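Me: I'd like a close look at one part of this model. Please keep it plain and go step by step.

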Amino acid sequence: MVFPFRFLLPGILLAALAGLPDAVQAASADADAQCPFGAKGRDFDGLLLCVPQDNDRYTFTADGFDWMAWSGEEPVARPASGSAPAGDGAELTLGRAWIGEAVLGVADSASGKKGFDHFMTLIAESILKAGAGAAAGADFPADVPVDESGLVQRFMFSYAQPDLLVGERVDKTDPGPGFVLFRPSSGAENPHLALCRGGQQGMPAVHLCMSLYDVGGHRAGIMVTGTDLARSFRIAEGIATDLASFVIAAPPQ
């Protein structure tokens with residue numbers, strides 16, 4: 001089984017992309033009452049998230065947060081279904097998040113096992129090891145694990161920014177992600193990684209990127225689609241930071 005998108009994007013995520021109804025039932029009905037006054041809340045398997053009352057961008061769904069939009073770097077209202085985006089459509093970026101065991105399973109930090117999150121560290125380690133042997137700022141190849149059986153694929157990495165690597169798959173006929181994005185300063189233990197398909201580096205072609213973060217011992221899957229890989233990566237990181245700030249109570253680990 002090829003790792004990146006068969007394993008990373010279960011049917012619930014693909015269904016959401018197609019605009020199908022959420023498959024996960026709403027959590028605790030009294031979550032709002034556990035939040036600070038005026039905040040909106042939802043309990044995801046013991047992980048209580050509360051969105052402040054003055055934050056109108058993050059809208060709960062049964063399995064996470066609904067789509068949000070950016071025009072360039074600026075947050076904008078999400079276009080209505082079937083309508084043309086405001087401003088330059090080529091610059092529109094969309095992102096949303098999924099949370100909860102039913103959708104993404106339990107994070108390694110909660111399960112106590114070496115699972116999917118550990119595999120992400122192996123990807124980060126492979127990139128860091130390959131980059132350590134390259135001249136500062138120079139492009140370098142890295143053999144990145146992409147399959148649970150140990151299959152690797154070669155990616156050529158370059159610096160899109162001083163602390164952001166973009167790896168492009170060398171063999172275009174291989175299945176899996178076309179791009180791997182990684183922030184080296186995040187390290188291998190808590191890697192900031194995104195796996196992307198579609199798009200073309202340096203070109204305004206639409207891509208879809210998926211990344212995973214540990215939020216209070218639960219996995220948060222963040223999907224971003226747009227035309228600029230570096231921007232999509234920054235937006236995913238920003239969403240992850242916001243989610244962490246919404247945590248009011250997390251289950252014991």
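How many residues does helix H6 (residues 229-246) have, and how far does it reach from its first C-alpha to its last?

Reply: First, some ground rules. This is a predicted model, where local features need pLDDT of at least 70 and side-chain atom pairs count only at pLDDT 80 or more, while totals for chains, interfaces and linings use all residues. Residues are numbered from 1 along each chain as its sequence is written, and side-chain values use heavy atoms, with hydrogens and water left out.

Now the helix. H6 has 18 residues and reaches 26 Å from its first C-alpha to its last. That is close to the expected 26 Å, at 1.5 Å a residue (the expected span is 1.5 Å times one less than the number of residues). The protein has six helices and 14 strands.

Look at the N-terminal end of H6. Asp-228 caps it. A side-chain oxygen of Asp-228 lies 3.1 Å from the backbone nitrogen of Ala-230 (a polar contact is an N or O pair within 3.5 Å, with one atom able to donate a hydrogen and the other to accept it; residues adjacent in sequence count only through side-chain atoms).

Which parts of H6 are covered? Its buried residues include Leu-229, Phe-233, Ile-235, Ile-239, Leu-243 and Phe-246. Arg-231, Ser-232 and Glu-237 are buried too. Buried means under 20% relative accessible area; exposed is over 50%, and partly exposed is in between (1.4 Å probe, protein chains only). Across the protein, buried residues make up 47% of the 253 residues.

Strand E13 (residues 218-226) runs antiparallel to strand E6, joined by six bridges (two strands pair if DSSP finds at least two bridges). Ile-99 stands opposite Ala-220 in E13. E6 covers residues 92-99, and seven of its eight residues are buried. E6 also pairs with strand E4 (residues 64-71), again antiparallel over six bridges. There, Trp-70 stands opposite Thr-93 in E6.

Strand E14 (247-249) belongs to an open sheet of three strands, in the order E1-E2-E14, with antiparallel pairing. E14 and strand E1 (40-44) stand at the edges with a single partner strand each, so one side of each has no neighbour in the sheet.

Strand E2 (residues 47-51) pairs with E1 over five bridges. Two bridges join E2 to E14. Leu-49 stands opposite Val-247 in E14, and Asp-43 stands opposite Leu-48 in E2. E1 and E2 form a hairpin with two residues between them. Asp-45 in that turn has a positive phi of about 55°.

Why is E2 called largely enclosed? Five of its five residues are buried, so the rest of the structure largely encloses it. Leu-47, Leu-49 and Val-51 point one way, Leu-48 and Cys-50 the other.

Conventions: Helices (H or I, at least four residues) and strands (E, at least two) are DSSP runs, numbered from the N terminus.
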